[in-house]
Amino acid sequence: MTGIQSYVYRSRTLLDGIGRAAQIEDLTDPAWLESHHILESGQHLVHRGAGAITFGVDDTSSGESEVPPETVRTLVSRYTRAVFDVSDALSPVVAIQLVPDKQAPHDALDLAAKLLVAARHTTLPHLAGALPHAAVACTITGVPATTERRRPDGTVVPVADEALRARSRGRDWHRERQEQWLSAAPLPSGLEFALPTSIDALGRSESVTSHIAVLVIDVNDLGAILASVEHRDTATVADALRGLTNGMVQAMIDRVAIAVTVREEPDGTAVPWVSGAPVALEFPLHRSDSDGIDEIDDVDANDARKWLLPIRPWVTAGDDVVLVCESRIAWTLAAAVIDWLDSADTAHTDEHDPRTRLRKASPVFGRDDHLAVTVGIGIAVVPVGYSLAAAHDLAAGLCTSAKQTRRLHHSTDGGHIVDWYRGTADPAVVLSDRADPGGGLRPYHSPPPWQPHRSNSATWEHLLTALDPARTDGIRGTGTWADRRSWVKTDLRAAALASDPTTESLDGVIAAKIAREVALTGTTLPTPRLLLAPVPPTWAPKGSIVVDVIDLLDDHLILTDHRLDPAPQKDPAEQDHPAAQNHLDEAQS
């Protein structure tokens with residue numbers, strides 16, 4: 001099917017987009033095919049993937065005619081009609097390949113794939129989804145409205161049947177997956193939690209921030225890997241890959257869950273907080289309190305009055321994961337996925353673990369001692385209210401660009417790779433800037449344990465360690481550099497963005513600041529050696545890891561584990577705000 005991306009991401013709301021992604025997954029689901037009576041006797045499912053499906057049909061004709069048999073034409077008709085019933089914005093592209101008696105089935109599949117590629121490039125343009133002149137637009141999506149609904153307050157709103165179907169499917173998918181993911185998550189007892197279906201409160205903390213992040217996670221080199229998979233293993237591998245994406249989502253939800261701690265407010269109310277370091281970036285969860293819930297509302301009726309986790313899986317299809325989250329936890333979630341994949345060797349004895357299942361599905365995915373799967377991750381941080389579709393396009397572009405960089409440097413810098421952008425900008429402009437890296441070292445490589453790092457460039461681990469407040473040799477050292485934020489974000493950043501910064505020049509700027517602090521205050525600051533990692537000129541003719549560390553200084557919360565650190569938390573009213581720290585720094589200057 002073509003048009004999948006525009007169909008899924010053209011929605012203006014999160015719940016609608018979730019439903020659209022689930023509908024695409026349904027179109028290749030064996031249970032859906034059966035419930036819609038797509039397959040008849042002599043017809044069977046051969047292979048299915050993200051937005052693609054292969055059927056086998058028994059042919060009793062002579063095979064001499066160039067016209068496909070009636071049974072094939074009828075199957076194509078039934079299936080394409082079912083696709084159009086979902087949305088006329090989706091375009092089925094069909095290739096039909098006869099399999100002679102003496103031809104191997106996998107050879108026929110290869111020929112059909114080539115026919116399909118050719119057919120995709122000859123698809124005729126159409127006006128599906130276009131808005132006619134003076135037509136009433138759907139309140140949810142903006143496409144032509146086909147019906148109307150009355151809200152609980154009496155307001156009548158125009159909507160499209162397509163949007164109502166997607167929203168209904170989104171609620172079903174949300175309930176099914178939420179039960180699965182949250183029942184396995186290590187959340188505190190005594191409170192009810194839910195995953196958000198509305199974006200309004202996801203990234204808002206009063207007087208602090210109002211940003212969300214869209215993460216796009218994609219398996220590296222999957223096309224080349226699948227090309228070496230035996231045809232008899234393709235169905236097993238496809239199912240195992242779906243299990244892997246679900247496992248990645250579970251790992252991220254678990255990472256948030258273990259950071260949730262319950263604190264008592266002055267009025268005695270128990271409120272869950274997302275805890276971490278630095279404490280100035282911690283935030284409380286929002287509560288779903290929508291009234292008058294109906295089929296137009298973004299909130300699911302079953303989630304009313306529940307505490308909403310700051311993470312929302314959006315698309316989990318094939319090897320792709322797309323999710324929306326509070327911006328402050330985006331980089332920790334990226335690290336959680338990488339850590340989960342890299343720790344596969346510890347789970348190789350668990351037959352139910354998705355990493356084990358993928359290894360056993362085909363030897364190309366690794367051996368018993370490791371899972372040979374790495375990912376590319378793109379992160380787009382945007383204000384709440386910004387177009388989700390545009391944010392997705394930016395994150396997807398960053399992911400694709402990072403993977404291309406990885407391929408160019410694969411001999412020295414393989415493994416996982418991560419890139420991000422904070423702000424609203426044309427993806428084309430952002431990606432063109434990546435070709436001339438003057439703003440840091442992005443993208444960052446993260447070599448897995450089984451693949452040694454062969455270059456001397458700074459890695460993803462260097463970046464995260466430099467931001468660790470527990471490290472005095474980082475830039476967030478409590479009581480040291482954390483109290484010199486203004487100098488770090490101005491003088492040090494300017495030095496890092498100089499025309500030709502070197503380790504020696506940055507070291508000199510820091511040494512001068514340390515000497516000044518000794519002279520004025522008597523305080524001896526530790527040298528943040530983690531910022532001064534050697535960087536090959538081919539990676540960063542301008543800038544350094546310093547630029548990226550400063551970029552994340554006020555927007556990267558390192559989540560703690562409440563199971564390991566049960567120490568009492570600091571009263572939220574006493575927490576330092578970054579702005580207050582700025583004033584302190586300026587006063588000291």
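Trainee: Which backbone oxygen does the side chain of R442 reach, and at what distance?

Mentor: The side chain of R442 reaches the backbone oxygen of W420, at 3.0 Å. This is a predicted model, in which local features need pLDDT of at least 70 and side-chain atom pairs count only at pLDDT 80 or more, whereas totals for chains, interfaces and linings use all residues. Residues are numbered from 1 along each chain as its sequence is written, and side-chain values use heavy atoms, with hydrogens and water left out.

Trainee: Where is R442 placed, and is R442 buried or exposed?

Mentor: Helices (H or I, at least four residues) and strands (E, at least two) are DSSP runs, numbered from the N terminus. R442 belongs to the loop between α12 (427–434) and β20 (444–446). Buried means under 20% relative accessible area, exposed over 50%, and partly exposed in between (1.4 Å probe, protein chains only). R442 counts as buried because its relative accessibility is 13%.

Trainee: Which residues does R442 touch, beyond those up to four places away in sequence?

Mentor: Contact means heavy atoms within 4.5 Å. By that rule R442 touches D419, W420, Y421, R434, D548 and D551.

Trainee: D419 must also belong to some element. Which residue stands opposite D419, and in which strand does D419 lie?

Mentor: G378 stands opposite D419, which is in β19. Two strands pair if DSSP finds at least two bridges between them. Strand β18 (residues 375–383) and strand β19 (residues 416–422) run parallel and are joined by six bridges. β18 is mostly covered, with eight of its nine residues buried.

Trainee: Which residues have the most contacts inside the largest nonpolar core?

Mentor: In soluble globular proteins, nonpolar side chains tend to be buried together. A nonpolar core is a set of buried Ala, Val, Leu, Ile, Met, Phe, Trp, Tyr and Cys residues joined through side-chain atoms within 4.5 Å. The largest one here has 129 residues, and F365, I379 and W460 have the most contacts inside it. Helix α8 (residues 234–257) gives the most to this core, namely eleven residues. Apart from this core lies another, of eight residues, including C138, I140, A160 and A163.

Trainee: What surrounds I379?

Mentor: Leaving aside neighbours within four places in sequence, the contacts of I379 include A213, V214, L215, A330 and W331. D419 and W420 are also among the contacts of I379, and R442 touches both D419 and W420.

Trainee: How many disulfides does the structure hold?

Mentor: A disulfide is a pair of cysteine sulfur atoms within 2.5 Å. The structure holds zero disulfides. As for individual cysteines, C325 is buried, with a relative accessible area of 0%, and C399 is buried at 2%.

Trainee: How should I read a sheet, and in what order do β8, β9 and β11 stand?

Mentor: Strands of a sheet pair through backbone hydrogen bonds, either parallel or antiparallel. The order is β8-β9-β11, in an open sheet of three strands with antiparallel pairing. The edge strands, β8 (260–264) and β11 (283–284), each pair on one side only. Five bridges join β8 to strand β9 (residues 270–274), and the bridge partner of R263 is V271 in β9.

Trainee: Finally, what may be said of the whole chain?

Mentor: The chain has 17 helices and 21 strands. Of its 589 residues, 49% are buried. Among contacts between residues at least 6 apart in sequence, 69% join residues at least 24 apart.

Methods. Polar contact = N/O pair within 3.5 Å; in protein donor to acceptor, adjacent residues only side chain to side chain.
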